[in-house]
Amino acid sequence: MARAASSGGALAHLRVLDLSRVLAGPWASQLLADLGAEVIKVERPGVGDDTRSWGPPWMADGEGQPTREAAYFLCTNRNKLSLTVDITRPEGQAIVRQLARDADVLIENFKLGGLAAYGLDYPSLRVLNPQLVYCSITGFGQTGPYAARAGYDFLIQGMGGLMSVTGTPDGEPGAGPQKVGVALTDILTGLYAGNAILAALAHRDRDGLRSGEGQHIDLALLDVQIACLANQTMNYLVSGMAPKRMGNAHPNIVPYQDFPTADGDMILAIGNDGQFARFCTVAGHPEWLMDERFASNAARVRNRQQLIPLLRQCTVLRSTAEWIAALEEAAVPCGPINDLADVFADPQVQARAMRFDLPHASGGRAPQVANPINLSATPVDYRKAPPALGEDTDAVLRALAYSEARIAALRQAGVV
């Protein structure tokens, strides 16, 4: 199959076959697509990725009317071609195999063994294409007693410990475990998948383009969640004591949390003793610097129950804007707590062009959030809005040398 015209991106020489749905896999493939790879998204005819129906809200068409394109789908599927194929049918399996023969990467998130019945598992496709990097994303991995279970972000946040350290502390109003406000485990898994895929490609091509063998990548949401608990995990392993929920407070740094102001709230993120000294000066409480309970971060951590009420009594005396202006002048890390309207109105966010639109097949424009990677020589390229379902089916099949009559027959039979 001939490659699409090069985007000029860092990964423009790569073709990715994306059999994944929802978030973790599509996040990885969108990352590769933004960096220039050609990504062919394989979807179920008539239905597509589950997230196409996860609305409202829905994107508007060229006349301002809602389409059936959910905002959720738009967040993770730009720069991709949409090919509808029924992989339960032999003819559909044949199409995927043809694409896999010339692909560099395949990403899938079927349950353990789910693609083996169709001959689309790694051992089967490796015979056709030994250079293929095949990335499997599951809830619990390819091994272990939970391997056959389905995994979902919310479930994994609970099982993997994240919810045990997220939420209001016991004994306070609203106490209880809390999930993060986005499907963070899925996102992190997608980012790990992107790194793993690039590592496998570097290994394959270390002696020249497509010179070596591909490999199978086994990524589990649970593994990723545990790995990303970072200092909280290490706090437990070093001390033997499981961390508790602390709300917005930090287990190792004080003061590092939210504080009330005269008209709302702000965040103080004081990371060292020098910053704390400057805060005390701005706050008009130099005596705190002389108090041995607060003189060092270790002392403040031990005595947070005494210090935090004193800080709260102080911070309510000025507005958020007044505090931020004074503390920024003194180089004390602080900031507001923005909602998303505030975020996209922020001059820094606007200067970094973090929001843009892409023309969509519906006639409307798909709002997008920019990729945060900035490469000087091979910048991210926004070539295509998230596709309508099956938008590129005919083009992909023509590139595989399917005739118009054969494509029409496959469509009539419900294969594509």
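Colleague: Which residues of β1 are buried on one side and which on the other?

Modeller: This is a predicted model, and the answers hold for that model. In a regular strand the side chains alternate between the two faces of the sheet. Both faces of β1 are covered. The buried residues are Arg15 and Leu17 on one side, and on the other Val16 and Asp18.

Colleague: Which residue in β2 stands opposite Asp18?

Modeller: Strands of a sheet pair through backbone hydrogen bonds, either parallel or antiparallel. β1 and β2 run parallel and are joined by four bridges. The residue in β2 opposite Asp18 is Lys41.

Colleague: What is the order of the strands in the open sheet of six, and why is one side of β5 and of β8 left without a neighbour?

Modeller: The pairing in this sheet is parallel. β5 (80–84) and β8 (216–220) stand at the edges and have a single partner strand each, so one side of each has no neighbour in the sheet. From one strand to the next, the twist averages 20°. The order is β5-β2-β1-β6-β7-β8.

Colleague: Is the pairing parallel or antiparallel in the open sheet of three strands?

Modeller: The order of the strands is β9-β10-β11. β9 and β11 (334–336) are at the edges with a single partner strand each, so one side of each lacks a neighbour in the sheet. Neighbouring strands are turned by 30° against each other on average, direction ignored. The pairing in this sheet is antiparallel.

Colleague: What is the bridge partner of Met266 in β11?

Modeller: Strand β10, residues 264–269, runs antiparallel to β11. Three bridges join the two. In β11, the partner of Met266 is Pro336.

Colleague: What is the volume of the second largest pocket, and how do the residues of its lining divide?

Modeller: Rolling a probe the size of a water molecule over the atoms shows where empty space is left. For the second largest pocket, the volume is about 520 Å³. Of the 25 residues that line this pocket, the closest to its centre are Val165, Thr166, Gln232, Gly247 and Ala249. The lining divides into 14 nonpolar, nine polar and two charged residues.

Colleague: Is Ala148 buried or exposed?

Modeller: Ala148 lies in the loop between β7 and α5 (153–159). Beyond its neighbours within four places in sequence, Ala148 is in contact with Lys111 and Leu112. The cut-off for exposed is over 50% relative accessible area. Ala148 has 54% relative accessibility, so the word for this residue is exposed.

Colleague: Is Gln225 buried or exposed?

Modeller: Gln225 is placed in helix α7, residues 221–227. Leaving aside neighbours within four places in sequence, Gln225 is in contact with Ile156, Gln157, Gly160, Leu162 and Thr185. Buried means under 20% relative accessible area. Gln225 has a relative accessible area of 3%, so this residue is buried.

Colleague: How many residues are in the chain, and what percentage of them is buried?

Modeller: The chain has 17 helices and 13 strands. Its C-alpha trace spans about 85 × 50 × 45 Å along its principal axes. Of the 416 residues in the chain, the buried ones make up 44%.

Methods. Residues are numbered from 1 along each chain as its sequence is written. This is a predicted model: local features need pLDDT of at least 70, side-chain atom pairs count only at pLDDT 80 or more; totals for chains, interfaces and linings use all residues. Side-chain values use heavy atoms; hydrogens and water are left out. Two strands pair if DSSP finds at least two bridges between them. Axes are lines fitted to C-alpha atoms, for helices over the stretch in contact, and angles run from 0 to 180 degrees between N-to-C directions. On a 1 Å grid over the protein atoms alone, a cavity is a set of points where a 1.4 Å probe fits but cannot get out, and a pocket is an open set with protein on both sides within 12 Å along at least five of seven lines; lining residues have an atom within 4 Å of a point. Grid points are joined across faces, edges and corners, and a volume is the space filled by probe spheres set on the points. Ala, Val, Leu, Ile, Met, Phe, Trp, Tyr, Cys and Pro count as nonpolar, Asp, Glu, Lys and Arg as charged, and the others, Gly among them, as polar. Buried means under 20% relative accessible area, exposed over 50%, partly exposed in between (1.4 Å probe, protein chains only). Contact means heavy atoms within 4.5 Å.
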